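Welcome! Let us walk through a protein together, step by step.

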Amino acid sequence: MDIQQTITKTIAGAFRDLFDHAVDPDSLALQPTRKEFEGTYTFVIFPFLKITKSTPEASGEKLGAYLQKNLPEVSTFNVVKGFLNISLSSSYWMNLFQQLYEAKDHGRFPPKGKKVMVEYSSPNTNKPLHLGHLRNNFLGFAVSRILEAYGYEVIKSNLVNDRGIHICKSMVAYEKLGKGETPESSGLKGDHLVGKYYVLFDQEYKKQIRALTESGLEEAAAKKSAPWMKEAQDMLVRWEAGDAATIDLWKKLNGWVYQGFEETYRKMGVDFDQYYYESDTYLLGKDIVAEGLKKGVFFKKENGSVWADLSEEGLDEKLVLRADGTSVYMTQDMGTADLKYKDHHIEKSVYVVGNEQDYHFEVLFKIMRKLGRPYGNGLYHLSYGMVDLPTGKMKSREGTVVDADDLMAEMVGTAREHTQELGKIEGFSQEEAEALYEILGLGALKYFLLKVDPKKRMLFNPQESIEFQGNTGPFIQYTHARIAAILRKAAQIDLDYSPAQFQGYATLEKAEESLIYQLDDYSNKVHLAAEELSPAVIAQYLFDLAKEYNRFYAELPIFSETKAAVQAFRVGLSAQVAKTIKSGMGLLGIVVPQKM
C-alpha cells in the first residue's frame, strides 16, 4: 500500500471514530499541496461537512490531529479554510529515498506477458522523409519504449508504401531523364535522388497539362491525357503483370531509397523489428471480403462492388472492394491487420498515423471488431497533428516540404553555434565537441516535437527548442551534465554516498523532500504515459524534475556542507536524479551528455 492509500484509509478511520460515519477509503482522494503552502498532500474537507457537522477549519483540525496521532509518517499539518495540508516526516522521506536508491529498475514494470505492435514511419519510396515523418518516427519510437518499460513485449513495425502510381512517376522520369545517374555519380543520398525525379515528373506533367489546356482541352481531360501520366499508368499495369524490365527498374530505385532511409533512421536514432511492404500486402484482404459477405458484415451492390454498412455505428457506407474486383486501401489494411496477428499474436496494435486518417482508422477498427477478430478491441490509432514552422526559418529542398535530413543537419548546426556562444565546451576535443552538438541538436528537436500532446497541431521553433533555459531538451540535458560533474568530483575525493552514509541525517530540507516526491512519481508517470500513449507526459515530468533539481542545487550546498552524512545524502540524491533523467530521456529516445 502506498502512502496516499495509507493516508486515505486513516482518514476513513477518522470519519468512523470521530464522526461515527462509514466512508469508503477508495472514495477519498488526495492532491499535491500547492507550492505556496506547507505540506505534501492536501485533503479537501468541503464535501464532508455534512458528516462532520462543523466548520471547515474545526473539521480540518480534528482530522489532522487524528492523522498525526495514528500515522507515524505524518509529522505536522495545517488547515487553510477547507483544505487540510499534510506534511510527512523526514524519516518517511529518508526511508522512501533509500528504497528508490536501491531499486535497480525504478520506472520499469514487471512483464505483462502481452504483445503490442507499434507501427510508425510508413514512408513512400518516391521521396525522402520530411518534418511530418520526424514527429511520426519520434512518437512511434518513444511510445514503443514507454510500452516496453510498462511491461509489454513490443514489436516496432514499418509498413512501407513501395508501389502504386506515385512510385511509377519517379520511374518514368528516371527512364526519360536519368541517363544512368546513380547516388554515387550524383553525390546524392538514394532517397533524395529518387525524390528529384519525382519532382521532375511533376514539373513536366504540369507543362504537359498547360500545353493541352492551351490547345483547347478541358483541364480534367488534360490531366488524364498528359503523355507522362499515361506512361506512369502503363508502367503500373506492367508492374502488376510482373514485367521483368519494369520490376528491375522498380527494385533498383527502391534499393537506393532504402539505403537513404536507413541513413536517416540511424541519424534519427529509431529502428524497427519488422518491415511490411505494400508490394507484398496490396492483394491481401480479398478473402476477408468474402468472409464478411458470408457473415453479413458486408453487402454487394448491383455493380458488383462490396461495401460495409456502418450506419448503425454512426458512420456511413464504406467501399471495401471495387466492382472490377480490385482492392482499395481498406481491403489491404484489413489483410495487413490479420497478417500482423498471424505473425506475432499481438493483443494490441497501435497505428501512428496523422489525424487526416482519423476516419479511415475508425472504419477499419469497427469492421475488424464486427468480423470478430480476437485483436479487434486492441486496435488503436495514435492520431497526431501537423507540425508547422515559423516562415523562413528552415530551408527546404523543394521549396514546400522541409526535408528531415536538412532539418536534423540544421539543428546540429544551430546547437554548434549556440553552444560555442555560451562557452559550454571548454576543455573539449574537436571530436567530443562534435558529438555534443549532435546530442544537443537532435535532443532539442526530439524533445520539442514530443513535449506537445500528440493530438495537437504544433509550431516547431528551432531557435526556441535549442535554448538552455525553459521547457527544452538542452535544459534537461544540461541538468544531467551538471550532476555528472558533481559525481565526478565525488569520485575524485573518494566520497562514499551509499545509503549507509546517510544515517546521521535526521531532518530533511523542503527542497530535498520535494525532489524525493518527484523521483517517487516517476513510475506513476510511466504508467500514465503508457495508458495514454503520450510521450508528452514523460517530457513534462522530466522538465519538472530538472526544475526541482536546479532549485535544490541553488538553495543547498553540496561539497561545502560540513556534515558528512548530509553531504553524502545530497550527492546520493543528485545521483538518483541523474539516473531518472537518463532513464526518462531514454524513453523519449534522447541521449544525455556526461559533460558540457
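A residue is called buried if its relative accessible area is under 20%, exposed if it is over 50%, and partly exposed in between, using a 1.4 Å probe and protein chains only. Helices (H or I, at least four residues) and strands (E, at least two) are DSSP runs, numbered from the N terminus. What you see is a predicted model, in which local features need pLDDT of at least 70 and side-chain atom pairs count only at pLDDT 80 or more, while totals for chains, interfaces and linings use all residues. Residues are numbered from 1 along each chain as its sequence is written, and side-chain values use heavy atoms, with hydrogens and water left out.

Let us begin with the whole protein. It contains 23 helices and 14 strands, and its C-alpha trace spans about 90 × 65 × 40 Å along the principal axes. Of the 596 residues, 53% are buried. Contact here means heavy atoms within 4.5 Å. Among contacts between residues at least 6 apart in sequence, 73% join residues at least 24 apart.

Now find the open sheet, where five strands lie in the order E7-E6-E5-E11-E12 with parallel pairing. Two strands pair if DSSP finds at least two bridges between them. Strands of a sheet pair through backbone hydrogen bonds, either parallel or antiparallel. Which strands stand at the edges? They are E7 (274-277) and E12 (379-384); each has a single partner strand, so one side of each is left without a neighbour in the sheet. On average, neighbouring strands of this sheet are turned by 25 degrees against each other, direction ignored.

Six bridges join E11 to E12, and the two run parallel; one example is Val 350, whose bridge partner in E12 is Tyr 380. Strand E5 (residues 115-119) is joined to E11 by four bridges, again running parallel, and here Val 116 has Lys 348 in E11 as its bridge partner. E11 is mostly covered, with six of its seven residues buried.

Next, look at a pair of helices. Two packed helices are described by the angle between their axes and the distance between the axes. Axes are lines fitted to C-alpha atoms, for helices over the stretch in contact, and angles run from 0 to 180 degrees between N-to-C directions. Helix H21 (residues 522-532) and helix H22 (residues 535-555) pack at about 155 degrees, with axes 7 Å apart. That makes H21 roughly antiparallel to H22, a label given to angles over 145 degrees. Tyr 522, Lys 525, Val 526, Leu 528, Ala 529 and Glu 532 in H21 meet Val 537, Ile 538 and Tyr 541 in H22.

Is Glu 512 buried or exposed? Its relative accessibility is 0%, so Glu 512 counts as buried. Beyond neighbours within four places in sequence, its contacts include Tyr 505, Phe 552 and Leu 556. Glu 512 and Leu 556 are 44 residues apart in sequence, and 9.0 Å apart in space from C-alpha to C-alpha. The side chain of Glu 512 also makes a polar contact with the side chain of Arg 570 (2.6 Å). A polar contact is a pair of N or O atoms within 3.5 Å; within protein, one must be able to donate a hydrogen and the other to accept it, and residues adjacent in sequence count only if both atoms are side-chain atoms.

Methods. Parallel < 35°, antiparallel > 145°, perpendicular 65-115°, else oblique.
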